[in-house]
Amino acid sequence: MYVDKNGTRLPEMVLYQTKARVLCNRGYQREGAEVITCQANGKFNAPVKCVDLTKVTCLPLDPGYGVLICNATVSPATCTYLCPQHQFYKASNTTVASNKTITCSDSTAKWSHMSESNPTGELPNCSPVVTPTSYQLTVTIAFSGATSCIDGTTAALRTTLNSSNNPAFACMKNSDCTLSNVKCSSSTNHITLAFLINQTSGNLSSSATINTFMDTIVSLAANKSFTISVSSAKRTSTTLSANGEVSADASAVCPSGSGMVDTTCLKCPPGQYSENGVCYLCPKDTYSDTNGATNCTSCTGGNKTFTTGTDSASKCTVLCTVKTVENGKRVPTSGSVIGVDVQVTTYCSTNYSVPFGKPDFTTCSASEQATCYQKCTIKKVHDKVQADGVAYKVGDRLEFMNYVSYRCTGDKATEPMRNVKCLIAGEEIKITCPEIKYGLIIGVTIACITGAGIMFVAIKQALKPKPIDYGPTPPLPTRNRGPPPPIPQQEVAEKDDNIVFEVKDKLFETLPSVNVPKVQVPYLIKGKSG
């Protein structure tokens with residue numbers, strides 16, 4: 001069996017409990033878990049496939065142990081990142097999330113979550129939620145009925161909450177919640193009480209108890225329905241009534257190695273560390289590679305990291321700056337400081353390309369990152385061109401160092417293909433076939449050998465060459481005659497640029513060319529080759 005035709009292939013048979021890490025081919029994005037396990041039923045525990053992103057400008061991303069589900073058929077291309085089950089990441093100071101949707105910008109070739117601090121598009125590391133050690137609720141209520149603080153206010157507030165029949169305050173009766181830190185302040189027409197409710201027992205796996213307590217006391221105070229009866233030493237009683245001014249905030253107290261997000265405790269994921277109940281990103285040149293770290297480890301050997309929040313010692317590296325490129329752009333962006341082994345991809349502007357056959361990506365440390373060259377423009381295409389499966393036309397563009405292979409009508413299959421190559425960036429090129437100027441004459445078949453300066457003629461009918469006047473025959477000498485003088489060779493008459501033959505007392509001029517076999521005959525013709 002295999003996982004996906006565009007990624008990791010596995011043998012037909014693998015052992016039970018065999019684990020496989022899925023790696024997709026270049027241009028394909030993994031959709032599913034990174035590591036899968038063979039189960040007893042002969043199937044892997046999770047479906048995985050490699051989605052074609054070759055038509056998407058942005059580069060595929062590494063979701064780590066999360067999952068990416070991508071749709072390249074929409075514009076812009078969209079991917080949704082999913083945390084492993086029961087894991088979350090800190091989406092803001094007050095919220096956790098288990099998924100993140102990102103889009104690809106065709107104009108910048110970057111995913112929407114990329115930034116100067118995240119040039120390579122790292123996705124958030126997810127981690128499990130942990131049970132808090134306690135919850136805290138801070139409440140502030142303004143009361144009318146007094147303009148100065150009264151002794152016994154703390155006791156009166158505790159009694160009111162403990163004796164309330166409201167189920168929201170039940171945790172006070174069963175001692176899961178306690179009152180502390182009561183502080184009073186006064187103004188010209190009211191007093192203000194600030195206090196803390198601590199939930200240290202009961203159901204701490206959920207913030208429901210403390211949240212219900214908060215919602216109820218805020219509602220009562222805002223509606224002026226919350227009152228306190230304060231008894232003094234003189235046995236007089238003062239009733240304090242909420243005047244509608246109230247504020248409250250609930251939070252969790254998290255154990256070591258985790259951090260608070262609203263009322264949730266999230267174990268600090270790799271790349272972070274815990275301090276005083278808060279998770280912080282590891283500083284540059286340090287890393288943490290486990291959940292729940294309380295400190296970060298420094299890189300060794302002089303290596304550095306190019307971002308904060310590094311989650312692996314392997315990302316401690318030698319730094320490299322992405323070079324600029326003319327007539328194009330790079331991802332990560334030119335000027336970004338990244339690791340020497342990080343891939344840099346070059347996207348050339350319209351009508352520019354990297355040299356044909358050369359990759360558009362290199363590592364940052366490569367001596368030469370890809371360069372964009374102007375494409376050649378096809379200026380002319382002969383009507384006798386026969387290109388293999390490609391219909392070239394005027395105005396088409398050819399990548400620098402690319403070439404066109406073709407034949408002309410009449411070329412033999414055994415002859416080498418003709419080639420035109422884009423050797424000079426931006427030049428105009430022509431796809432041409434040779435012209436034949438001489439051809440069939442009525443009663444005569446002509447074949448031309450280009451550049452030879454010789455034309456051979458096969459005479460199918462009798463040619464009547466023009467007679468040559470030799471003058472009167474000289475008298476023979478009586479002695480010492482020697483050999484007779486040579487007889488001049490007969491020649492076919494020449495008329496300007498056209499060859500004229502006399503056939504049966506009639507002149508015929510040359511006609512349009514045709515392909516004919518080349519036959520040698522003993523007549524030499526003076527004229528231009530074609």
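Select strand S6 (residues 78–82) together with strand S9 (residues 99–105): the two pair in the antiparallel sense over 5 bridges. Strands here are DSSP runs of type E with at least two residues, helices are H or I runs of at least four residues, and both are numbered from the N terminus. Two strands count as paired if DSSP finds at least two bridges between them. Within this pairing, display Cys79, which stands opposite Ile102 in S9.

This is a predicted model, in which local features need pLDDT of at least 70, side-chain atom pairs count only at pLDDT 80 or more, and totals for chains, interfaces and linings use all residues. Residues are numbered from 1 along each chain as its sequence is written, and side-chain values use heavy atoms, with hydrogens and water left out.

Strands S9 and S10 pair in the antiparallel sense over 2 bridges, and Trp111 in S10 is the bridge partner of Cys104. The two strands form a hairpin with 4 residues between them. In its turn, select Ala109, whose phi is positive at about 60 degrees. As background for viewing any regular strand, side chains alternate between the two faces of the sheet.

**Salt bridges**

Proceed to Lys315 and Glu122, whose side chains meet in a salt bridge with an N to O distance of 3.3 Å. The pair links distant parts of the chain, 193 residues apart: Lys315 is in the loop between strand S22 (297–298) and strand S23 (319–321), and Glu122 is in the loop between strand S10 (110–111) and strand S11 (127–130). A salt bridge is defined as a side-chain nitrogen of Lys or Arg within 4 Å of a carboxyl oxygen of Asp or Glu. Lys315 is partly exposed at a relative accessible area of 30%, and Glu122 is partly exposed at 40%. For these terms, buried means under 20% relative accessible area, exposed means over 50%, and partly exposed lies in between (1.4 Å probe, protein chains only).

Select Lys379 and Glu428 next; their salt bridge has its closest N and O atoms 3.6 Å apart. Lys379 belongs to strand S30 (residues 376–381) and Glu428 to strand S35 (residues 428–431), so that distant parts of the chain, 49 residues apart, are linked. Lys379 is partly exposed at 48% relative accessibility, whereas Glu428 is exposed at 51%.

Then display Asp411 and Arg418, which meet in a salt bridge at 2.8 Å, N to O. Arg418 is partly exposed, with a relative accessible area of 29%. In total, the structure holds 5 salt bridges.

**Aromatic pairs**

Rings of Phe, Tyr and Trp (its six-membered ring) pair if their centres lie within 6.5 Å; planes under 30 degrees apart count as stacked, over 60 as edge-to-face and the rest as tilted. By this rule there are 4 aromatic pairs. One of them joins Phe143 and Phe226 in a tilted arrangement, 6.3 Å centre to centre with 45 degrees between the planes. Phe143 lies in strand S12 (residues 134–144) and Phe226 in the loop between helix H3 (208–222) and strand S15 (227–231), so the pair ties together parts that are 83 residues apart in sequence. Phe143 is buried at 0% relative accessibility, and Phe226 is buried at 5%.

Finally, select Tyr373 and Phe400, a stacked pair at 4.4 Å centre to centre and 25 degrees between the planes. Tyr373 is partly exposed at 31%, while Phe400 is buried at 11%.
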